[in-house]
Amino acid sequence: MTQKLFTPLKVGAIEAKNRIVMAPLTRSRADNDTGEVGDLHVEYYAQRAGAGIIITEAAQISPEGKGYIKTPGIYTEGQVAAWKKVTDAVHKAGGKIVIQLWHVGRISHVDIQPDGQKPVAPSAIAANMKTFTGEGMVPTSEPRALELDEMPRIVADYVHATKMAKKAGFDGVEVHGANGYLLDQFMKTSSNKRDDAYGGSVENRARLLLEVLEGVTNAWDGDHVGLRLSPFSPANDIADENPQETFEYVIRALNKFGLAYLHMVEGSTGQSRDVKEGEDIAKLRQLFDGVYMANNLYDRDMAIEAVEQGKADLVAFGRPYIANPDLAKRLELNAPLNEGDTKTFYAGGKEGYTDYPFLEETTAE
Ligand SMILES: Cc1cc2nc3c(=O)[nH]c(=O)nc-3n(C[C@H](O)[C@H](O)[C@H](O)COP(=O)(O)O)c2cc1C
């Protein structure tokens, strides 16, 4: 009997041919000046079209949303034209692809920001983190707190990026609400000390995310929009005093948008699936009415079991997709996996990007 992981699923408006998803993976190979992707990206994503859905590397929604060198954008006509080549190639290869919409907030540096400005954040509190600039790894800069009257502009940037994504031929967008970037910075208490309508109570801390979702689902139907959250992850130096309470509120509030899916990083991103006492991923999942996509340290057996038992509708794989362009096929055949080389995760051109072997190449001879 075919295991459910390998069977199709309708994810909002997107017909996924299986429940294996390529998780969003920043690879830092875009043109640093224009934020445009190139021919290598076309090849890289087309190679991975066997996934039920590809979620692209995070793409900044504005110049201010950028935090690392060589990450792509989705706000100029040039970026749209460049991404169109990627979406065409993935569709031609039989795949589906959504783009992750990113504003890094305080995880940035004055050298990366327009006119050397301070990065923006809910509050003027620096993260104890490093980022890549042209000078190598440097501590992230102290941000400035966004003014109340700037909030509509932030929402408008998400809406603009959504329209650009539609124009570029994507099957949908994923709002990046995870991993300590802007929207997560607003939701969590360690980075949000505001005393206006966007800080303090859970309702206020969730306000920006919900306004963004309102804008994005008006610009494109909710069934083309996914959301990524990481309620219990400390990624990018972030913490919440009561994440269970915060995210029970957030997830209940999502249901009215009719989203294509909720994508959850379960535990600490890329590190551990453990959560603290009182933190309950299954409970959060139950509160969401729609399709649930699970991520974080899944292997084949775990993914098969999660989908079979209804704990997840889809499973997103991150690092395994870097090293295995044909991961979905390998999982289905229970074939061995290539090991990824962490040295080439970020930057490095073709090497460690488009040159990982397919199964036929591995087994030939
Ligand atoms: C090289 C690399 C780049 C990543 N870039 C992103 C990103 O752009 N957006 C995002 O939400 N998560 C990003 N992540 C996190 C992954 O999507 C995923 O949550 C994490 O790797 C855990 O899944 P895995 O155990 O299947 O790798 C990145 C992870 C790695 C290793």
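A polar contact is a pair of N or O atoms within 3.5 Å; within protein, one must be able to donate a hydrogen and the other to accept it, and residues adjacent in sequence count only if both atoms are side-chain atoms. The model is predicted, so that local features need pLDDT of at least 70 and side-chain atom pairs count only at pLDDT 80 or more, while totals for chains, interfaces and linings use all residues. Residues are numbered from 1 along each chain as its sequence is written, and side-chain values use heavy atoms, with hydrogens and water left out.

**Exercise 1.** Determine which atoms of T26, N179 and G318 face the ligand, and how much of the ligand is buried.

*Solution.* Begin with the backbone: a polar backbone atom of G318 is 2.8 Å from an oxygen atom of the ligand. Finally, the ligand taken alone exposes 620 Å², of which the protein buries 91% (accessible areas by the Shrake-Rupley method with a 1.4 Å probe).

**Exercise 2.** Describe the residues that surround the ligand.

*Solution.* Count the residues having a heavy atom within 4 Å of the ligand: there are 20, and the closest are T26, R228, N295, G318 and R319.

**Exercise 3.** Classify the residues lining the largest pocket.

*Solution.* Applying the classes already given, one finds 24 nonpolar, 15 polar and six charged residues in the lining of the largest pocket.

Notes
Ala, Val, Leu, Ile, Met, Phe, Trp, Tyr, Cys and Pro count as nonpolar, Asp, Glu, Lys and Arg as charged, and the others, Gly among them, as polar.
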